[in-house]
Amino acid sequence: MIVINLDVMMAKRKIGLTELAERIDLTQANLSILKNGKGKAIRFSTLNKLCRALECQPGDILEFNPNEEDNDNE
């Protein structure tokens with residue numbers, strides 16, 4: 001399962017949800033969905049903006065954890 005570590009990166013960079021949402025031109029609601037790991041997908045353009053704003057790599061935000069259960073019934 002893919003784990004979203006956006007909250008970790010936001011804490012490391014000391015940036016709040018409102019400020020980050022404004023920086024990357026995304027609604028707070030949609031950013032919150034990503035931050036809480038509830039999103040089903042992420043656009044590369046959004047990932048690019050997040051990496052630029054947080055000065056990080058995609059791997060700092062996204063992590064594959066084979067031990068986590070995927071609750072998606074595909």
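These legends walk through several close-up views of one predicted model. Residues are numbered from 1 along each chain as its sequence is written, and side-chain values use heavy atoms, leaving out hydrogens and water. As this is a predicted model, local features need pLDDT of at least 70 and side-chain atom pairs count only at pLDDT 80 or more, while totals for chains, interfaces and linings use all residues.

**View 1. Helix H1 and its buried face.** Here's H1, residues 6–13; helices (H or I, at least four residues) and strands (E, at least two) are DSSP runs, numbered from the N terminus. Leu6, Met9 and Met10 are the buried residues of H1, where buried means under 20% relative accessible area, exposed over 50% and partly exposed in between (1.4 Å probe, protein chains only). Looking down the axis of H1, the buried residues fall within an arc of 100 degrees, so they line one face of the helix; the arc is that of the directions from the helix axis to the C-beta atoms. The buried residues of H1 pack against strand S1 (2–4) and helices H2 (17–24), H3, H4 and H5 (58–61), with contact meaning heavy atoms within 4.5 Å.

**View 2. Helix H2, buried on one side.** The buried residues to look for in H2 are Leu20, Ala21 and Ile24. These residues cover an arc of only 100 degrees around the axis, which puts them on the same side of H2. Glu22 and Arg23, on the other side of H2, are exposed. The cover over the buried residues of H2 includes H1, H3 and H4. H2 is followed by Asp25, and the phi of Asp25 is positive, near 55 degrees.

**View 3. Asn5, in the loop between S1 and H1.** Asn5 sits in the loop between S1 and H1, and counts as buried at 16% relative accessibility. Leaving aside residues up to four places away in sequence, Asn5 touches Asp60, Ile61 and Glu63.

**View 4. The second largest pocket.** This pocket has a volume of about 210 Å³. On a 1 Å grid over the protein atoms alone, a cavity is a set of points where a 1.4 Å probe fits but cannot get out, while a pocket is an open set with protein on both sides within 12 Å along at least five of seven lines; lining residues have an atom within 4 Å of a point. Among the residues lining the second largest pocket are Leu26, Asn30, Ile33, Ile42, Arg43 and Thr46. Helices H3 (28–35) and H4 (44–54) each supply at least two lining residues, and the largest share, three residues, comes from H3.

**View 5. Two cysteines and no disulfide.** The structure holds zero disulfides, a disulfide being a pair of cysteine sulfur atoms within 2.5 Å. The sulfur of Cys51 is 4.3 Å from the closest cysteine sulfur, in Cys56, too far for a bond. Cys51 is buried at 10% relative accessibility, and Cys56 is buried at 9%.

**View 6. Arg52 on helix H4.** Arg52 lies in H4 and is exposed, with a relative accessible area of 63%. The C-alpha atoms of Arg52 and Gln28 are separated by 18 Å, with the two residues 24 apart along the chain.

Definitions and conventions:
Points joined across faces, edges and corners; volume = space filled by probe spheres on them.
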